[in-house]
Amino acid sequence: MTGKVAEGPGAVTYEVVARKVDVGTEAEAAEAVADAADAEGRVPAVAHLEYTHRGGPALTEGSEVHDAAAVFADGQRGGILVGAPDDVPGCEDPYAVESWKQGESHVFCETYLVPADATSVEVHWSQEDGEPWVWKFPRR
């Protein structure tokens, strides 16, 4: 799916694909928050989204494309995990991408806390003022 995002040098068209969601354990959630009680009954869900620059100006200092991503569980938005580890394998730091030209792809990840008993996890992404695109990942 493709969508436009207003970036510093102008509108950029991106192809967006949610590749996978890694769901962790309640113990990992408890370790990731300041107060373990805040994570009770919840697990971290790390969404891996691949963004490919398909049109528009080259970027020279970061991108806003990842700001429109969110993780849902059983139809309810999860809670963003502030201070989530930034060294997740296969994930890039969106603020470290200083040059992004047409045809290049990057994988950015979003980490949310979702209910441990959720039966499905969804990744949502939308362009400005647009309806979200939804990718569903069943829990095993």
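I began at strand 7, where the bridge partner of Ile80 is Tyr112. Strands here, like helices, are DSSP runs numbered from the N terminus (E, at least two residues, for strands; H or I, at least four, for helices). Strand 6 and strand 7 pair in the antiparallel sense over two bridges, and two strands count as paired if DSSP finds at least two bridges between them.

Before going further I noted the conditions: this is a predicted model, in which local features need pLDDT of at least 70 and side-chain atom pairs count only at pLDDT 80 or more, while totals for chains, interfaces and linings use all residues. Residues are numbered from 1 along each chain as its sequence is written, and side-chain values use heavy atoms, with hydrogens and water left out.

I traced an open sheet of five strands in the order 1-2-3-7-6, with antiparallel pairing. Strand 1 (2–7) and strand 6 stand at its edges with a single partner strand each, so one side of each has no neighbour in the sheet.

I then followed an open sheet of four strands, ordered 5-4-8-9 and also paired antiparallel. Its edge strands are strand 5 (76–77) and strand 9 (133–138), each of which pairs on one side only.

**Entry: strand 4**

Is strand 4 enclosed by the rest of the structure or left open, and what covers its faces? I found five of its five residues buried, so strand 4 is largely enclosed by the rest of the structure; buried means under 20% relative accessible area, exposed means over 50%, and partly exposed is in between, with a 1.4 Å probe and protein chains only. On one side lie Ala69, Val71 and Ala73, on the other Ala70 and Phe72, and all are buried. In a regular strand the side chains alternate between the two faces of the sheet.

For its neighbours, I counted five bridges from strand 4 to strand 8 (residues 120–125), running antiparallel, with His124 in strand 8 as the bridge partner of Ala70. Towards strand 5, strand 4 (residues 69–73) has two bridges, again antiparallel, and there Phe72 has Arg77 as its bridge partner. The two strands form a hairpin with two residues between them, and Asp74 in the turn has a positive phi of about 50°.

I looked up the disulfide (a pair of cysteine sulfur atoms within 2.5 Å), and the structure holds one. It joins Cys91 to Cys109, with S to S at 1.9 Å, and the link is left-handed, with -80° about the S-S bond. Cys91 lies in the loop between strand 6 (79–80) and strand 7 (105–115) while Cys109 is in strand 7, so the pair ties together parts that are 18 residues apart in sequence. Cys91 is buried, at 17% relative accessible area.

Val82 is found in this loop as well, but I noted that Val82 is exposed, at 72%. The C-alpha atoms of Val82 and His106, 24 residues apart along the chain, are separated by 21 Å.

**Entry: rings and cores**

I listed four aromatic pairs, taking rings of Phe, Tyr and Trp (its six-membered ring) as paired when their centres lie within 6.5 Å, with planes under 30 degrees apart stacked, over 60 edge-to-face and the rest tilted. The rings of Tyr14 and Trp100 have centres 5.2 Å apart and planes at 55°, so this pair is tilted. Tyr14 lies in strand 2 (residues 10–23) and Trp100 in the loop between strand 6 and strand 7, so the pair ties together parts 86 residues apart in sequence.

Which residues touch the most other members of the largest nonpolar core? Of its 30 residues, these are Tyr14, Tyr51 and Trp125; a nonpolar core is a set of buried Ala, Val, Leu, Ile, Met, Phe, Trp, Tyr and Cys residues joined through side-chain atoms within 4.5 Å. Apart from it I found another core, of five residues, among them Ala29, Val33, Leu81 and Leu113.

**Entry: salt bridges**

I counted four salt bridges, each a side-chain nitrogen of Lys or Arg within 4 Å of a carboxyl oxygen of Asp or Glu. Glu15 forms one with Arg54, the closest N and O atoms being 2.8 Å apart; Glu15 is in strand 2 and Arg54 in strand 3, 39 residues apart. Arg19 forms another with Glu50, at 2.5 Å between the closest N and O atoms.
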